[in-house]
Amino acid sequence: SSDLRTEAAEGLAKLMFSGRLISAKLLSRLVLLWYNPLTEDDTRLRHCLGAFFPIYAYANRSNQEIFEEAFLPTLSTLFNAPAVSPLADVDIGNVTELFVDLTRPSGLMSQKGKSSDYQSFTVHDSLAIKLCNEILKDPSAPDIRLYSKTLSSLELSKENTNDLLALLDEILEKVKDRICQRAIEKVKTQLSKCDIPDQGQNEVVAEMDSTASEQVQQNEEE
């Protein structure tokens with residue numbers, strides 16, 4: 001029943017938030033449950049998960065790493081959902097944006113006011129490497145447009161860029177899709193720019209908070 005489903009989801013969320021349960025697989029299932037059209041009338045479930053995701057993600061870097069680990073498996077489930085499945089109607093781009101916002105390194109800074117978790121090699125840097133490798137697995141797959149667009153929306157550090165630049169160059173050599181190529185070129189341009197000034201960083205943080213809040217509110221209302 002929907003009540004039992006909601007109770008179970010709330011219980012898992014509480015266990016994960018307390019640190020007693022660490023599971024990227026279960027986190028992926030909670031995200032899929034939140035986006036599943038079958039739960040759109042379950043206000044209590046939507047509100048619970050909508051509040052849990054950002055609070056959990058921005059609490060510390062370790063939690064963001066769990067979201068990072070859950071990212072590709074969640075997309076894979078959606079990409080491979082049968083046409084008769086409710087998950088086939090989920091906007092994968094919207095799901096991707098949520099994961100990107102919840103793993104922003106600036107999210108940790110805005111919530112905690114500390115920079116201890118804002119390390120030189122961030123969760124987004126790690127996610128970028130994973131996305132590049134995913135594109136290179138099959139450079140002609142239709143999914144690469146979404147992956148390349150996601151790459152261009154990440155907050156990448158200006159350190160440890162050599163490995164990423166090498167992967168981006170390899171992608172440009174192997175991928176023929178023009179939309180994907182333009183997105184990858186955009187990422188290379190971002191990496192070549194100077195560090196963002198403090199004021200600019202604050203603007204990024206404010207924009208990220210606004211985007212994440214709007215996304216949670218939008219999904220609760222749907």
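A: Start with H4 and H5. Two packed helices are described by the angle between their axes and the distance between the axes. Helix H4 (residues 61-79) and H5 have axes that come within 10 Å and cross at roughly 175 degrees. Axes are lines fitted to C-alpha atoms, for helices over the stretch in contact, with angles from 0 to 180 degrees between N-to-C directions. Helices are DSSP runs (H or I, at least four residues) numbered from the N terminus. This is a predicted model: local features need pLDDT of at least 70, side-chain atom pairs count only at pLDDT 80 or more, and totals for chains, interfaces and linings use all residues. Residues are numbered from 1 along each chain as its sequence is written, and side-chain values use heavy atoms, with hydrogens and water left out.

Q: Which word describes how H4 and H5 run relative to each other?

A: Angles under 35 degrees are roughly parallel, over 145 roughly antiparallel, 65 to 115 roughly perpendicular, and the rest oblique. H4 and H5 are therefore roughly antiparallel.

Q: Which residues of H4 and H5 meet?

A: Contact means heavy atoms within 4.5 Å. From H4 come Gln 64, Phe 67, Ala 70, Phe 71, Thr 74, Leu 75, Leu 78 and Phe 79; from H5 come Ile 92, Val 95, Thr 96, Phe 99 and Leu 102. This contact has 10 nonpolar, 3 polar and no charged residues. Ala, Val, Leu, Ile, Met, Phe, Trp, Tyr, Cys and Pro count as nonpolar, Asp, Glu, Lys and Arg as charged, and the others, Gly among them, as polar.

Q: At what angle do H2 and H5 pack?

A: Helix H2 (residues 24-35) packs on helix H5 (residues 92-102) at about 135 degrees, with the axes 12 Å apart. That makes H2 oblique to H5. Val 31, Trp 34 and Tyr 35 of H2 meet Asn 94, Val 95, Leu 98 and Phe 99 of H5. Here the classes are 6 nonpolar, 1 polar and no charged residues.

Q: How do H2 and H3 cross?

A: The axes of H2 and helix H3 (residues 43-57) come within 10 Å and cross at roughly 135 degrees. H2 is therefore oblique to H3.

Q: Which residues line the largest cavity?

A: A cavity is a set of points on a 1 Å grid over the protein atoms alone where a 1.4 Å probe fits but cannot get out; lining residues have an atom within 4 Å of a point. Phe 121, Asp 125, Ile 129, Ser 157, Glu 159, Asn 160, Thr 161 and Leu 164 line the largest cavity. That lining has 3 nonpolar, 3 polar and 2 charged residues.

Methods:
Helix = DSSP H or I, 4+ residues; strand = E, 2+ residues; numbered from the N terminus. 1 Å grid on protein atoms, 1.4 Å probe; cavity = no way out; pocket = protein on both sides within 12 Å on 5 of 7 lines; lining within 4 Å.
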